[in-house]
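Welcome, and take a moment to look over the chains before reading on.

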Amino acid sequence: MIREDENIIIQTICRILIPFIQLFGLYVIAHGHGSPGGGFQGGCILAASFVLIVVAFGLPEAKRRFSEKQVNLFSSIGVFIYAWTGWMALLLGANFLDYGRLSIILPADPVHARYYGVFAVEVGVGITVMAIMVSLFIDLITGGKHEEASE
Amino acid sequence: MIAEHFPALIIVFPLITAFFINIVGWWWIRPCFYMSILALTVSFISSIGILNTVVTQGVIHYKLGGWDPPWGIEYVVDHLNAFILVIVSFIGLLVGIYSKRDIEKEMPQKIPQFYTIYTLLVMGLLGMTVTGDAFNLYVLLEIASLASYALIAMGEDRAPLASFNYLIMGTIGACFYLLGVGYLYIVTGSLNMADLSELLPKLYHSKAVLVAFAFFLIGIGIKMAFFPLHVWLPDAYTYAPSSVSAFVAGTMTKVGAYVLMRVMFTIFRPYFSIELIPATTVLGWTAVAAMMYGCVLAIAQRDLKRMLCYILIAEVGYIVLGISMANRMGLTGAILHIMNDALMMACLFSVAGAIMYKIGNRDITNFRQQQLNKKMPFTMAAFTITALSVIGIPPTCGFFSKWYLIIGAIDAQQWVFAVALILSSLLSAVVFFKVIEQIYFKPREPVRPHNEGTHEEVVMDEAPMSMLIPIYIMVGGILILGILSGQIISTVIQFAVPASF
Amino acid sequence: MIEYIIAKYNYWAYIVLMMIGFYAMIGKGNLIKKLLGMNVFQWAIILFYVSTSVKKGGATIPIIQNGHGPVTHAVDVAQYLNPLPHVLMLTAIVVGVSTTGVALSLAIMIYRKYKTLEEDEILQIEEYEALEPEE
């Protein structure tokens, strides 16, 4: 059992670092086409920031910020963003996931529309991966019993 | 306009609906079942549309993302594909309807999660059937496998351990498949199935291609529960929830057999699989062993579901025997048997689930005491008709597929295979008549004349309608499709067999 | 003979890793050790795929040099690694992580029921229960 005053160093440093970790995660998602990164990697970094909250501040604090309901909601929203981008292409007349067709509604030519389409699905993938990684971590450390979460 | 997008619709609609069910299930539980049935109905209608298009117009090529193959992923639907798509979506829909009362009784607090994962499982199997790209098949194979691990673990007492064993073995199988795809990619540089079948013939002498073929066979054999690699199946399917067993028993092994046919006859040309390396001989003899093993061990079981699992292993042996005969009759029998076996196994496992729902245990020696023939006459009638179909008695559909298999064995001059087929029919007759005797024929213990005053009347306590109707649709299918076998073969299966036979 | 080993050292490395993982899956009795073996098995395959994307002649990572903004100069393909196996293995890594997650959840369920994670002890408990079923 760690006493409260021993946590001061860890909590202060985490309080400073966690926003930067999240910013870095978003950067990795956005720059997947030009440098190592992409949806999955950025999502994992975002999830790591929540794991750091659990480690430093305890589970109830983390659940206050990102509850179980929101985790489920986020995981489904990411899949919807991905599927909706493909579905739009279907509705506009081309095959599924044909992002070039999105140039009809986006102000860009077909080549750039593919670029924006890939970016949209990467965002979707990142959100889903973050939610699932956090959910996996919390499920495994509480042994599936979310109500008995302590420290 | 929407008809040309059916190959994408058949997968996308269940995918989106599964995640909708996940969200909606947090607030209202009632819509989850209806949304799942809606998605499966849309898939079923799309699969019928696809079959229609393929029969009238020919092979469908659908490019995902507008990229031409071999740079992009392509969905190729020919007669074999379309046939199996209809079967899988049909059984998915029926078992989905069947599962309503069953899930409400077995796991009432996990209803949204069950329907999410069930829809994803059906989507994974449909995707495996419709894709024309080797790596995309691996991804959808893993989606279906992960969904089935989770669903099986929701079952009875030993289910988590059985699911863990299934997980370990299933991952080995999928990894072997991935290695096979990797080896083919290294030597040819392509992942598209049609492209591989054109690039590979120049490379048949290379050892990497031979090893890739071996990896494919082992990996698919594990997933299909083919004889020496079947060890995960009895435990996993016995302890799973009833609806889950009914669905996976009917479809997962059959889709595995379809992937085997694709690998042996589309990616590697039939010349390779039959003459260059004697894969068909090895598969044929192993299939004979599978049939004998399955039927003999089924006789020894007390639990109804476990007995059906061993019969399933024997049925997979039939299908692989048909594939290994390598002539037109044998392959026709194998493809017809895929359809028949899917219906028969789904129906048998549904009946076992109905018995479990009403009585609470599945011990065969207990059936007479429970007086099942009086309590659940309709369910037992369905069981009897399906048992007759497994044994192979006309006019049920099981007779026709065994007929084609035996003619195929005689055509290939493999007398041992023909004898093995007939012998295994006899053994399955022993297995099923044992159960039918317990239900209908075993004499009751004599009633003491003067002790009990009242002779208690057994009231008919039949399974609920939402469980009976899917069972009877499947039984009706078994009878009708048997009579229509000739027409099915002449319109669909005749073109599904690769042309060089 | 020696060039078989030195020239194809990536194949040898992945075979050794794969066999270690495979032995752990089969030979060990603890469920978590089986799971670790499965993980090593999958990661060996991923490493193998990635190692096959290398090209001779000093190919560099598949990110276009001087590529900020719209790229208008022609790209020399022989200079860059083959990016396709990397992309395929991204999917395989995700699949491996999900499988590990599901397997760990199953292990928690098993532990809660049997209070042990050794396979032979679990089978003993099952036989014991089968012989004397609880009413």
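## Before you start

This is a predicted model, where local features need pLDDT of at least 70, side-chain atom pairs count only at pLDDT 80 or more, and totals for chains, interfaces and linings use all residues. Residues are numbered from 1 along each chain as its sequence is written, while chains are lettered from A and ligands numbered from 1 in the order in which they are written.

## Chain A

Let us begin with chain A, which has five helices and zero strands. Helices (H or I, at least four residues) and strands (E, at least two) are DSSP runs, numbered from the N terminus. Along the sequence, the pattern of chain A reads α-α-α-α-α.

The C-alpha trace of chain A spans about 60 × 30 × 20 Å along its principal axes. Its radius of gyration is 19 Å, whereas a compact globule of 151 residues would be near 15 Å. That radius is taken over C-alpha atoms, and the globule rule is 2.2 Å times the number of residues to the power 0.38. In chain A, 34% of the 151 residues count as buried. A residue is buried if 20 or more other C-beta atoms, placed from the backbone, lie within 10 Å of its own.

## Chain C

Chain C also comes to five helices and zero strands. Chain C has a radius of gyration of 23 Å, well over the 14 Å from the globule rule for 135 residues, so it is more spread out than a compact globule. Its C-alpha trace spans about 80 × 45 × 15 Å along the principal axes, and 21% of the 135 residues of chain C are buried.

## Where the chains touch

Two residues are in contact if their C-beta atoms, placed from the backbone, lie within 7 Å. By that rule, 20 residues of chain B are in contact with 25 residues of chain C. On the chain B side, helix H5 (134-152) and helix H6 (159-188) are the elements that give two or more residues. H6(B) has the largest share, with twelve residues. This side of chain B has 15 nonpolar, three polar and two charged residues. Here Ala, Val, Leu, Ile, Met, Phe, Trp, Tyr, Cys and Pro count as nonpolar, Asp, Glu, Lys and Arg as charged, and the others, Gly among them, as polar.

Chain C also meets chain A, with eight residues of chain C in contact with eight residues of chain A. The chain C side divides into five nonpolar, three polar and no charged residues.

## Inside chain B

The largest nonpolar core has 259 residues, and among those touching the most other members are Leu151(B), Ile313(B) and Ala346(B). Such a core is a set of buried Ala, Val, Leu, Ile, Met, Phe, Trp, Tyr and Cys residues joined through C-beta atoms within 7 Å. Helix H14 (residues 328-358) of chain B gives the most to this core, with 20 residues. Beyond its neighbours within four places in sequence, Ala346(B) is in contact with residues including Ile91(B), Phe247(B) and Met474(B).

Another helix to find is H18 (residues 397-411) of chain B, whose 15 residues reach 22 Å from first C-alpha to last, close to the 21 Å expected at 1.5 Å a residue. The expected span is 1.5 Å times one less than the number of residues. Among the buried residues of H18(B) are Phe400(B), Lys402(B) and Tyr404(B). The buried residues of H18(B) pack against several helices of chain B, including H14 and helix H19 (415-441). After H18(B) comes Gln413(B), with a positive phi near 60°.

Definitions and conventions:
A residue is buried if 20 or more other C-beta atoms lie within 10 Å of its own, exposed if 12 or fewer, and partly exposed in between; C-beta atoms are placed from the backbone.
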